[in-house]
Amino acid sequence: MTNRRRATATTRPEAAMLNALSVDVEDWFQVGAFEGVIARDTWDSLPHRVERNSDAVLALFDQAGVKATFFTLGWVAERYPALIRRIADAGHEVASHGWDHRRVFTLEAATFRADLERARIAIEDACGQSPIGYRAPSFSIDRRTPWAHRVLAEEGYAYSSSVAPIRHDHYGWPEAPRFAFRPVEGASLIELPVTTVEISGRRMAAGGGGFFRLLPYHFSSWAISRVNRDEGRPAIFYFHPWEIDPGQPRVSRAPLKSRLRHYSRLSAMQGKLRKLLGSHEWGRTDAVVARERELLS
């Protein structure tokens, strides 16, 4: 088309842009916001809603005709192997979210490696596929974990989507690149940061999760289009199954800020997602990584 912006070696026209759609598969009680008030040794005694919520996500994706990546906790895969098989059988990518949502910057290299291995085994046992992608819980790979990407490369992962290049009170690596980069010299591992957009010199999160749920829909859709059109790069978008579940239990002991972030606008999330899925091109993260790898070669 004559009116299409010319793609360069580092960009791609918006009309051809495939964005990465992903789901962080964890239950309502496993989120970082509640880790100070819900002990891990109580998890099995709590109401589990991850299977029914993930099945609702699968139905949503099937209705929209899209494929996605499900970054799955090994803890969930071990307890719900049939769910993980359904995800894989539907044509989605099953990737790793670690074992039990411990933030990477709370681990050492050896314990991180053990966490990866335990999660990998649970995912392989559940669906027969070995994960090639990894997402750190709460985007917890940052300047405090200079060893993390090297461990991922040594363990054979093709990509990570574990960096949030913003400032945030729970996570963030604002100095990191906004788009795909190779974090380990001489290794093929690619890091695919979650999407941000720059407005008047300020970098803002625009890759899903609570930001998508709490902010007006049009901001996120506009930001994705801007990244696609003006910067010629794909968006990396994520959310959690519990975010479409307004009926989940309430944790009254959690700090007020955590409760506001976690429970606000849950009832609006599914409708917003349905609209977003129909407004942009979406696919699995491994497919987006393959295209980004070409730009980095």
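## The second largest pocket

The second largest pocket holds about 250 Å³ of space. A pocket here is an open set of points on a 1 Å grid over the protein atoms alone, where a 1.4 Å probe fits and protein lies on both sides within 12 Å along at least five of seven lines. Its volume is the space filled by probe spheres set on the points. The model is predicted, so local features need pLDDT of at least 70 and side-chain atom pairs count only at pLDDT 80 or more, while totals for chains, interfaces and linings use all residues. Residues are numbered from 1 along each chain as its sequence is written, and side-chain values use heavy atoms, with hydrogens and water left out.

Which residues line the second largest pocket? They are Ile-166, Arg-167, His-168, Arg-202, Arg-203, Met-204, Ala-205, Phe-211 and Leu-215, where lining means having an atom within 4 Å of a point. Strand E8 (residues 202–205) contributes the most, with 4 residues. By class, this lining has 5 nonpolar, 1 polar and 3 charged residues. Ala, Val, Leu, Ile, Met, Phe, Trp, Tyr, Cys and Pro count as nonpolar, Asp, Glu, Lys and Arg as charged, and the others, Gly among them, as polar.

## The largest pocket

About 520 Å³ of space lies in the largest pocket. Of its 27 lining residues, His-168, Tyr-171, Gly-210, Tyr-238 and Arg-261 are the closest to the centre. The lining has 10 nonpolar, 11 polar and 6 charged residues.

Helices H6 (209–214) and H8 (256–263) each supply at least two residues of this lining, and H6 gives the most, with 5 residues. Helices (H or I, at least four residues) and strands (E, at least two) are DSSP runs, numbered from the N terminus.

## Helix H9 and its partners

Let's turn to helix packing. The axes of H1 (residues 50–64) and H9 (residues 266–277) come within 10 Å and cross at roughly 30°, so the two helices are roughly parallel to each other (under 35 degrees). Their crossing is right-handed. On the H1 side the contact (heavy atoms within 4.5 Å) uses Leu-60, Phe-61, Gln-63 and Ala-64, and on the H9 side Gln-270, Leu-273, Arg-274 and Leu-277. These residues divide into 5 nonpolar, 2 polar and 1 charged.

H9 also meets helix H7 (residues 217–230), with axes that come within 11 Å and cross at roughly 25°. H7 and H9 are therefore roughly parallel to each other, and their crossing is right-handed. Tyr-217, His-218, Ser-221 and Ile-224 in H7 meet Lys-272, Lys-275 and Leu-276 in H9. This contact divides into 3 nonpolar, 2 polar and 2 charged residues.

Axes are lines fitted to C-alpha atoms, for helices over the stretch in contact, and angles run from 0 to 180 degrees between N-to-C directions. A crossing is right-handed if the near helix is turned clockwise from the far one by less than a right angle.

Methods
Parallel < 35°, antiparallel > 145°, perpendicular 65-115°, else oblique.
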